[in-house]
Structure formats: structure tokens, C-alpha cells
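Dear colleague,

I am passing on the structure we discussed, with the sequence alongside. My notes on it follow below.

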Amino acid sequence: MTDCQPLRDLDDIRRIVTEHCFTTDHTCDHDRQVGIELETFPVRLGADGAPIDRIPIAQLHDLLDQPLSGAAASAAPGADPAWTLVGGGSLTFEPGGQLEHSTAPHPGPAGALAELDALAGTLAAALHPHGGALAAAGLDVWTGGRVPQQLTGPRYPAMAAYLARRGPYGAVMMRDSCALQVNLDLGPPGERAERWLVANLVAPLACATFAASPAEGAVSGRALAWQRLDPTRTGFPAALVSGRSDDPVEHLTGAALAADVLLMRRAGRWVSGRPGWRFADWLRAPHPDHGAPTEDDLRYHLTTLFTEVRPRGFLELRSVDALPVGLRDAPVLLLAGAIDDATARARIRAVLEPYRARLPGLWCRAATVGVADPAVCALAVEVWSSALQGAARFQPGRLPPGALTRTEAFLDRFTLRGRCPADELRAALADGPPAALAWATTPVDTPAPR
């Protein structure tokens with residue numbers, strides 16, 4: 001079958017979902033590799049040290065080209081700027097000019113965090129002489145709402161047009177939000193369903209614990225934007241929440257069919273979909289202008305699903321707000337400990353499975369109240385305790401030196417007290433934009449090796 005051939009039946013769809021989302025590129029499912037994707041805001045400072053605007057992509061590209069001289073820049077005509085980094089990672093841009101560093105896969109959190117810190121230091125040092133800084137938070141609390149869409153590749157204008165038909169939250173997400181995504185292996189076939197389930201079950205607790213985007217009525221304004229921008233493609237697959245199936249492929253197949261068509265690609269044109277027209281509708285009745293969906297259409301449609309856990313040949317855990325450098329160990333260690341360690345994973349599943357049917361409501365509570373909710377806090381303390389024990393059982397060398405101690409300190413500073421990073425950022429904002437920037441900014445000096 002060619003990618004342009006129309007889809008035949010449900011078995012055809014399941015096959016493509018399996019190939020596209022649940023087939024690993026790793027030679028060994030037991031590698032337990034870890035990757036991180038961190039988005040940050042490159043901002044330009046005024047004389048008082050407060051951010052006055054976002055540094056435009058064209059200027060960023062010029063400022064970073066020399067510091068990234070060992071990296072391979074994208075050379076495709078009309079392509080959005082990007083660098084392939086030495087070692088296999090990449091540096092790209094989000095639509096509002098946010099920088100996204102995707103690390104290479106590493107044998108454990110140590111390598112991924114070391115790569116993240118080293119590049120963050122390089123970028124901050126490159127921006128500093130030009131009056132720029134690199135800020136990490138879930139939302140741009142300084143210049144948000146004033147930043148235009150900067151990426152002109154055809155995907156982004158079509159995506160923006162579709163989301164604008166649903167409301168203002170698509171623009172917030174695309175231009176003014178940043179996340180810290182933790183990527184973990186799918187695991188061997190015998191573990192895959194449990195790893196997928198536990199990753200989804202812990203997502204609301206990760207949102208609540210690591211919230212760092214204070215907004216009106218929310219500790220994670222970023223998560224709130226995701227919840228509101230298009231419920232057909234975010235959150236949790238309905239079949240997972242209901243418990244009517246334990247098969248990840250069935251979960252995502254149902255989610256793909258139920259999601260609205262965000263865009264179509266035909267004859268070199270990118271055409272926005274419309275709210276209310278699901279992929280299942282397209283499958284049932286060919287579009288009058290664009291015909292029946294093909295295998296290629298389904299594969300692309302899968303890239304427009306933004307569930308809290310995205311299977312992409314690995315598990316992309318998407319619930320954590322971007323955090324400044326001193327706080328990044330905790331989410332990476334705790335999520336890896338919760339998923340990679342079999343004992344911790346089983347314990348966490350036993351604790352959280354009774355909440356499976358309540359995942360959407362728990363996610364909403366996590367974004368609005370967070371761990372200030374006593375019930376959410378109690379769950380977080382119990383789950384992260386097991387996850388920390390799981391991380392402590394990792395083989396030597398998988399963890400950065402001192403990371404367990406720093407993660408315990410994070411839990412004591414925030415979670416055990418019913419607080420999250422958003423509380424500190426909100427307090428810093430009350431002292432003025434420069435204080436908030438100091439809280440969120442990557443230090444200019446490159447962090448010491450881990």
C-alpha cells in the first residue's frame with residue numbers, strides 16, 4: 001500500500017497507529033533511554049532589567065549561529081530555521097519564537113540533564129551581551145499577548161486558523177507557552193500497556209506539582225490553555241479513561257477517530273479543518289473537494305493530537321511547565337522513577353487506578369488549584385515518594401550526582417507544603433517584572449558539569 005492510497009478499514013487504521021506511534025526505533029526496548037524537550041522564552045531587556053519584548057526569530061538566528069557553529073543548520077529552502085546539534089539533539093523554534101531544545105536520547109536522566117544544562121548556558125551567554133536573556137516558565141508573564149506568530153511554514157498558519165475558530169487559547173499555546181517534556185521508552189511488549197497507563201495516570205499530578213505559569217484562577221495557565229483550546233485532541237483518550245480497554249493502540253485509535261481534522265494537505269496546499277468535523281466523519285464520507293483520507297492523511301493527523309502523553313515511538317510526557325535550571329532535576333527523576341522502575345510503577349498504578357475515570361477532572365483541578373488542594377497534595381506525596389524510591393534503584397551513572405538530594409529538596413520546598421513553583425513566580429511578579437525574570441532566567445555562567 002502506498003501512503004496515497006485510501007484507508008480501507010479499522011484494521012488498516014490500527015496498523016498505522018501501531019507503526020506510527022508504538023513502534024520504537026531503539027534496537028533494544030530495555031535501554032530505558034531518557035530525552036528532554038525544553039522550551040524557553042528569549043526576551044530582550046529594558047534599562048530596568050525587565051523584559052520589553054521577545055527577540056525575533058531572525059535576530060535569534062543571527063545571534064546563535066556562531067555559538068552553535070558546530071551544529072548543522074537547516075538549509076532547506078523556505079524551511080523554518082533549526083539546528084541539528086552535535087550528539088544528535090536539535091534546536092528549533094516554536095511559533096512565537098520560543099526556543100526548543102530537544103536532547104538526544106540518553107541512557108538515563110544524567111546525560112539528558114547535562115546536555116540540557118550545557119546548551120542552556122551557551123544560549124544564555126550568547127544572548128547576554130546583546131541585552132537578551134533566556135526565561136523558563138509555563139507562560140510568558142512578561143510580554144505575553146503581544147507576540148506575533150513568527151513561523152511561516154505552512155503547518156503553523158493553518159493550525160492557527162483552525163484553533164482561532166475555537167477561541168483565543170490556540171494563540172496562547174502557540175505563541176506564549178513553554179513546557180518541559182520528558183521522553184521515556186515505550187518499554188518491552190510485556191510492559192508497554194502498564195507504562196502507557198501509569199504515564200497517563202501521573203499526568204495530573206505532574207501538572208500540579210510542577211506548575212509554573214500563574215494566571216488568574218490557575219497555577220498552570222499553560223495547562224488551562226491546553227484544556228480549553230480543543231478538547232477533541234487534548235487530555236486523555238476516552239477508552240483509557242473509561243477502562244473499557246487496556247490496549248494502547250485501541251486507546252489512540254479511538255482518540256484519532258474522535259478528533260477533529262485540524263488540517264488537510266492537498267496538491268501543495270494546506271487547508272484548515274473546521275471544528276466539529278472529525279476524522280471519523282472524513283472516513284465515513286469523502287470530502288467533496290479533497291476526497292477520502294489516505295494513509296498519509298492519517299499519519300499526519302496523528303501528529304496533530306496533543307494528548308497529555310503522546311506516543312511517538314516513545315512516551316512524550318507533556319504535563320510539566322518549563323522550569324528554571326535549578327528545578328529541572330525533579331520532574332525528570334520523578335517521572336523516570338515512576339515509569340522505568342517496575343516496583344514503583346506497580347505501586348503507583350495501585351494508588352492511582354481508582355482515579356482513572358476521574359482523570360479529566362483531576363487534570364482540571366491540577367491546573368487551577370494544584371497541590372494546594374489537600375487531596376491532590378496527598379496523592380502527589382504518596383506517588384512521588386514511590387517514584388523517588390524507584391529512581392534511587394537506578395543503576396550507577398544513570399542519575400546526576402546529588403540529583404536525589406535536590407529532588408528531595410524540591411519536594412520539601414514545594415509539594416510537602418502544598419506549594420508549587422507558580423507560587424514563587426507569582427510572589428516574584430508582585431515584586432515587579434525584573435524579580436520575576438530573575439526567578440526564571442538561566443544563569444549566564446554555564447552550570448558546572450553534573
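In helix 15, Trp384, Leu388, Ala391 and Ala392 meet Leu404, Thr407, Glu408 and Leu411 of helix 16. Sorted by class, the residues in this contact are six nonpolar, one polar and one charged. Please keep in mind that the model is predicted.

As for the geometry, helix 15 covers residues 374-392 and helix 16 covers residues 403-413. Their axes come within 11 Å and cross at roughly 175 degrees. Angles over 145 degrees count as roughly antiparallel, and helix 15 and helix 16 are therefore roughly antiparallel to each other.

Leu64 touches Trp83, Leu91, Leu99, Leu123, Ala126 and Leu127, if residues up to four places away in sequence are not counted.

The last item is Ser220, located in the loop between helix 6 and helix 7 (221-229). Is Ser220 buried or exposed? Its relative accessible area is 1%, and the limit for buried is under 20%, so Ser220 is buried. The side chain of Ser220 is joined to that of Asp321 by a polar contact of 3.2 Å. Apart from neighbours within four places in sequence, Ser220 is in contact with Cys207, Ala211, Ser213, Asp321 and Ala367.

Regards

Note on methods: Residues are numbered from 1 along each chain as its sequence is written. This is a predicted model: local features need pLDDT of at least 70, side-chain atom pairs count only at pLDDT 80 or more; totals for chains, interfaces and linings use all residues. Side-chain values use heavy atoms; hydrogens and water are left out. Contact means heavy atoms within 4.5 Å. Axes are lines fitted to C-alpha atoms, for helices over the stretch in contact, and angles run from 0 to 180 degrees between N-to-C directions. Helices (H or I, at least four residues) and strands (E, at least two) are DSSP runs, numbered from the N terminus. Angles under 35 degrees count as roughly parallel, over 145 as roughly antiparallel, 65 to 115 as roughly perpendicular and the rest as oblique. Ala, Val, Leu, Ile, Met, Phe, Trp, Tyr, Cys and Pro count as nonpolar, Asp, Glu, Lys and Arg as charged, and the others, Gly among them, as polar. Buried means under 20% relative accessible area, exposed over 50%, partly exposed in between (1.4 Å probe, protein chains only). A polar contact is a pair of N or O atoms within 3.5 Å; within protein, one must be able to donate a hydrogen and the other to accept it, and residues adjacent in sequence count only if both atoms are side-chain atoms.
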